[in-house]
Amino acid sequence: MTFSQKQQKKKKLFLLLSGLTCLVLSAAALGLYFLGSPLSTNEPAADAARKALFWRSPMDPTEIYNQPGKDRMGMDLVPVYQGEESAGPPGTIRIDPATVQNIGVKTSVIERKLLQHRIRTIGRVTYDEKKV
């Protein structure tokens, strides 16, 4: 067997393995798509048991409606259930704890300190040739 025959044989084997890999990955992707994500929860069923107090626009919390539908911007209204009303004065924004964790919000105790920022750099002092 010559060198070029060995190369052609390796190339055919590589193409065969690549094709099989693509086929397996495509089948896995289709299976996940049609079967759904295993991490999905049954939250809509839990929400159906509770009664919504009112519906609020997801973009403007001051826009409140008595029944489901769409807000002025065309977005679906979000139901607000008993116990989910914002605790605080009007305009208070409440963020879901899972969202707070996902975006990495950090809190700390407020301290009064002197605010300083030193900048160390290099430079050159020369004369202005236009004025000489």
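Modeller: Happy to! Let's start with Leu20, which has its place in helix 1 (residues 3-35); helices (H or I, at least four residues) and strands (E, at least two) are DSSP runs, numbered from the N terminus. This is a predicted model, where local features need pLDDT of at least 70 and side-chain atom pairs count only at pLDDT 80 or more, while totals for chains, interfaces and linings use all residues. Residues are numbered from 1 along each chain as its sequence is written, and side-chain values use heavy atoms, leaving out hydrogens and water.

Leu20 is partly exposed, with a relative accessible area of 45%; buried means under 20%, exposed over 50%, and partly exposed in between (1.4 Å probe, protein chains only). Together with Leu13, Leu16, Leu17 and Leu23, Leu20 forms a nonpolar patch on the surface, with about 510 Å² of accessible area. Such a patch takes residues with over 30% relative accessible area and no salt bridge, joining nonpolar side chains within 5 Å and like charges within 9 Å. A salt bridge is a Lys or Arg side-chain nitrogen within 4 Å of a carboxyl oxygen of Asp or Glu, and the areas come from the Shrake-Rupley method with a 1.4 Å probe.

Three strands form an open sheet in the order 2-1-3, with antiparallel pairing. Strand 2 and strand 3 (78-81) stand at the edges with a single partner strand each, so one side of each is left without a neighbour in the sheet. Two strands pair if DSSP finds at least two bridges between them. Arg56 stands opposite Ile64 in strand 2.
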